[in-house]
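The following exercises concern a predicted model. Please work through each task with the sequence and the structure at hand before reading its solution.

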Amino acid sequence: MTRLHTILLLFVVCLGLVTFEACKKNDVQLPGNGQVGTPLAFTIPAGWPATAYNFDSNKITKQGFELGRKLFYDGNLAKDGFTSCASCHQQFAAFVTFDHDFSHGVNNTFTTRNATGLQNLAWTKNFMYDGGINHLDLQPLAPLTAPNEMGETITGVLQKLQADGKYRQMFTAAFGNDQITTQRMTRALSQFILMMINNNSKYDRVMRNEASFNLAESLGYKIFKSKCTNCHTEPLFTDNTFRNTGISINMNIKDVGRMKVTNNPLDSLKFKVPSLRNVEVTAPYGHDGRFNNLDIVMEHYRSRVINGPTTDPLVKNGISLSNFEIGQIKAFLYTLTDSTYLTDKRFSAPQ
Amino acid sequence: MKKIIIALGLLAVLVYLGCQKEILPLGGDNGKYSLRLNFSNTVSGAPLLLGNTYQTPFSEEYTLKTFKYYISNIRLRTTSGAIETVTGYYLINEEEPLSKIIVIPVSSNRYNQIAFLLGVDSTRNVSGTQTGALDPANGMFWTWNSGYIMAKLEATSPVSTETTNKVEYHIGGFKTGQNSTRQINFTLTGENEIAIKNNGSSQINFTADANTWFKAANDLKIVTEPVCVMPGALAMKFADNYATMFKLTNVANN
């Protein structure tokens, strides 16, 4: 090897390093975002409205879905290496934290709101009880970085993923190369979450003429349609609006709800109307989990509504409900339990 | 032999410089000319250096820690009246010298007006997770109340009433009534008209004065407002102030 050869060799190596150094930040997203993989069909159930989520920029693939599933169940994403999305969103409880008003974050912390169930989120526009998050893809960034949830930084999460060969392989399978970005991570999580469609309850089967309500259920459905459906609108059982149901402020948490993000006093104590699907397994209820069971919720609407300045007109005078009617409504609400959803292996921890 | 080494060295430098330009996602016409925008941050005329202590126009001392802002929606008007738009988003970060240089390819060589948005337009605030300069990992995005921090100034000050003497201005908000982006326009006439020479690159030199945040349309004292970290009326006051922070120093036609 001559001296020239050595210099040339050194030069090529240096040039490579220099190019890498200068260019590594420069990846530009390609049109069509370079997604690869096997498409997974997303089917809108018959009679359901159009989705709020726009699938054009994030098509669901088997590989993206599986990556999202792994991320969802991975406690290593959190600061403590232990708390995963699934720690607070448990499948057997329709993805709320079973039997908890508040959930546990890293370092023995508590959240300040009751974990909401995860289902049919393709039809949701604004997320959280206050609607502060305006896109499903952005939603995971809040729990990942909240000090009383997973307590990490976005950069910290990305570094952990980049250091993991299995993830690099799965990102390549889903997106064409092993570049791991915030956008890809959150889109993969969305792919997993979007597939969580819950439409196999007894109610759904009755609507499809595959089953029929018993007497209590059908009476309950009638009462429900006359007294509850304005806010808990079928088929999603929420109209996705924010309302004050006549609650008192929680003096410990001092959560003003929607007003927190709008700064508008007219939004004080307004919280997102929750879906009633799987309501049987998601106790306790309310944004702070103040209602231990459905009877207490009914009692609230019947006799405990506070007629404050922002209380919703639909409930400000309470809802007249006899004990008999409450029994029928509950019978109906139990038909909203989709047991196939609670046990669906696709949404369980990957093996 | 020496010549080869020099030539190779030059090539390496060129590759490096060539790639540097691509830090910026390029938009608009990928024209044959290039225009370079240089941003120099200042404090009432003095160069801004992080870690240095300055005085606000109200003689309040503050030691700067962070100074960042977004530039987007760059538009140029040719001398014949045509408007050219650049689709890139740029985060000017005092901590990263290279971020203070924006290089854009343009299709004409004569321009007499430049306009840009200080901040990120509402579309990008409502379209999910973005990449590049807009990646939420850059720390310029609110995760709990979706939206970009358009501009950020962090410091410490003995007059701050916060326990750690913190001064923290994370100015954002994109909704009607809370929109903290500001439109910036400069007319480039006379010796400041852009006339790019063949295969050349003209440079527009701007300064951005951090002290305008405290005093312009509104008087904002650290002692009364040490913190602004959410959209709303106070953020709008800061935005009206920083709308005046840019000054055109000169245009260099090379």
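**Exercise 1.** Identify the buried residues of helix H6 (residues 165-175) of chain A and state how they are arranged about the axis.

*Solution.* Step 1: the buried residues of H6(A) are Tyr167(A), Met170(A), Phe171(A), Ala174(A) and Phe175(A). A residue is buried if 20 or more other C-beta atoms, placed from the backbone, lie within 10 Å of its own, exposed if 12 or fewer, and partly exposed in between. Helices are DSSP runs of H or I with at least four residues and strands are runs of E with at least two, numbered from the N terminus.

Step 2: viewed down the axis of H6(A), the buried residues fall within an arc of 105°, so they line one face of the helix. The arc is taken over the directions from the helix axis to the C-beta atoms. An α-helix has 3.6 residues a turn, so residues three or four places apart point the same way.

Step 3: on the face turned away from the buried side, H6(A) carries the exposed residues Gly165(A), Lys166(A) and Gln169(A). The cover over its buried residues includes helix H2 (62-72), helix H5 (154-162) and helix H7 (182-194) of chain A. Gly176(A), with a positive phi near 95°, follows H6(A).

The model's local features need pLDDT of at least 70 and side-chain atom pairs count only at pLDDT 80 or more, whereas totals for chains, interfaces and linings use all residues. Residues are numbered from 1 along each chain as its sequence is written, while chains are lettered from A and ligands numbered from 1 in the order in which they are written.

**Exercise 2.** Describe how helix H9 (residues 215-227) of chain A crosses helix H12 (residues 323-333) of chain A.

*Solution.* Step 1: the two axes come within 7 Å and cross at roughly 105°. Axes are lines fitted to C-alpha atoms, for helices over the stretch in contact, and angles run from 0 to 180 degrees between N-to-C directions.

Step 2: H9(A) is therefore roughly perpendicular to H12(A), a term for angles of 65 to 115 degrees.

Step 3: among the residues making the contact are Leu219(A) and Phe224(A) of H9(A) and Ile329(A) and Phe332(A) of H12(A). Contact requires C-beta atoms, placed from the backbone, within 7 Å.

**Exercise 3.** Which residues of the largest nonpolar core touch the most other members?

*Solution.* Step 1: this core has 59 residues, of which Tyr70(B), Ile71(B), Tyr90(B), Met150(B), Ile171(B) and Phe238(B) touch the most other members. A nonpolar core is a set of buried Ala, Val, Leu, Ile, Met, Phe, Trp, Tyr and Cys residues joined through C-beta atoms within 7 Å.

Step 2: strand E4 (residues 61-78) of chain B gives the most to this core, with 8 residues.

Note on methods
Parallel < 35°, antiparallel > 145°, perpendicular 65-115°, else oblique. Contact = placed C-beta atoms within 7 Å.
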